[in-house]
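I opened a new notebook page for this structure.

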Amino acid sequence: MSEHDRKKWDAKYADVDEVGAAGENDWLTQQVQNIQPGRALDLACGLGANAILLAQWGWTVTAIDISPVGLQIAARSAAAAGVQVDWQAADLETWEPPAATFDLVTVFRYLDREQLPQQIQVALKPGGTLLYETFVEGPNNTVGGHVRNPAFILQSDELPTLFPKLEVIEYSEIQVGDHYVARLRSQKPAP
Ligand SMILES: C[S@@+](CC[C@H](N)C(=O)[O-])C[C@H]1O[C@@H](n2cnc3c(N)ncnc32)[C@H](O)[C@@H]1O
């Protein structure tokens, strides 16, 4: 399954216009601005735009994705931006997280209900923050045109339930263009 995913994403990223690889992220910007920079982990980082933003804001960033082709583009974008990121090619279906290591974990546009919640629970330091944004079904079970595989689409109010040991700080579901996203900010309780 993951080998299939790697080939799919490698092929997709091989066609990318690298000039457009970096980007802005208003929600990430707004959420992170009041957190003291520390160690951040971006899971399924793709072309690395969010990891690069975090590095530009002073975070020490590890970014993981299954696609080496995407990570090569990400590394070139980081070099062009003058920042360093620890890019790691790994399959999140089998990746073993380091324990209590990250002050911040970010996930954008990736969903795995089986492994990811436990991996994030382990990787976060006590008091650490999770920022998670991905596709959710819209009103009346409608799904926007952006993603069609239901395995990758959250049900309404599902995202916080995947992290029962984290404290929900903010949760919302909003329409962005032709699709809907769920946005979760939660925190690992400090001892
Ligand atoms: C929709 S893209 C999102 C990329 C990035 N987070 C963003 O928002 O631009 C999904 C990413 O998940 C990665 N991915 C898919 N399956 C994976 C797996 N098993 N392990 C690690 N990464 C995976 C893909 O390579 C792709 O970069």
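**Entry 1: strands β4 and β5.** I started with β4 and β5, which pair in the parallel sense over six bridges. I count two strands as paired if DSSP finds at least two bridges between them. My helices (H or I, at least four residues) and strands (E, at least two) are DSSP runs, numbered from the N terminus.

**Entry 2: what I am reading.** This is a predicted model, and I kept its limits in mind: local features need pLDDT of at least 70, side-chain atom pairs count only at pLDDT 80 or more, and totals for chains, interfaces and linings use all residues. Residues are numbered from 1 along each chain as its sequence is written, and side-chain values use heavy atoms, with hydrogens and water left out.

**Entry 3: more on β5.** Is strand β5 largely enclosed or open? Nine of its 12 residues (124-135) are buried, so β5 is largely enclosed by the rest of the structure. Here buried means under 20% relative accessible area, exposed means over 50%, and partly exposed is in between (1.4 Å probe, protein chains only). I then checked the other neighbour I had listed, β7 (residues 179-187). Seven bridges join β7 to β5, and the two run antiparallel. Y132 stands opposite L184 of β7.

**Entry 4: the β7 residue Q187.** I picked Q187, which is found in strand β7. Its relative accessible area is 27%, so Q187 is partly exposed.

**Entry 5: strand β1.** Next I went to β1 (residues 39-43). Four of its five residues are buried, so β1 is largely enclosed by the rest of the structure. Which strands does β1 pair with? Five bridges join β1 to β2 (residues 60-65), and these two run parallel. Four bridges join β1 to β4 (residues 102-108), again in the parallel sense. I noted one partner on each side. L43 is bridged to I64 in β2, and L41 is bridged to V105 in β4. From β1 the chain crosses through helix α3 (residues 49-56) to β2, and this β-α-β crossover is right-handed.

**Entry 6: the record.** I looked up UniProt. An unreviewed entry places "domain: Methyltransferase" at residues 41-128. The positions use the numbering here, feature names are shortened, and annotations may be inferred rather than shown by experiment. In the model, residues 41-128 are 34% helix and 28% strand, with end C-alpha atoms 11 Å apart.

**Entry 7: the ligand.** Which residues come nearest to the ligand? Of the 16 around it, they are Y13, A44, D65, F108 and R109. I count a residue as near if one of its heavy atoms lies within 4 Å. Helix α1 (residues 2-14) gives the most to this shell, with four residues. A backbone N or O atom of A44 lies 2.6 Å from a ligand nitrogen atom. A polar side-chain atom of D65 lies 2.6 Å from a ligand oxygen atom. For R109, a polar side-chain atom lies 2.8 Å from a ligand oxygen atom. Taken alone the ligand exposes 600 Å², and the protein buries 90% of that. These areas come from the Shrake-Rupley method with a 1.4 Å probe; for residues, only the protein chains shown count as cover.

**Entry 8: D10.** I went back to helix α1, where D10 lies. D10 has 11% relative accessibility, so D10 counts as buried. Its side chain is joined to that of S67 by a polar contact of 2.5 Å. Such a contact is a pair of N or O atoms within 3.5 Å; within protein, one must be able to donate a hydrogen and the other to accept it, and residues adjacent in sequence count only if both atoms are side-chain atoms.

**Entry 9: two positive phi values.** Most residues other than glycine have a negative phi. A100 is not a glycine, but its phi is positive, about 45°. A100 lies in the loop between β3 (86-89) and β4. R109 also has a positive phi, near 60°. R109 lies in the loop between β4 and α5 (116-123). At 58% relative accessibility, R109 counts as exposed.

Key:
Right-handed = clockwise from strand over helix to strand, strands pointing away.
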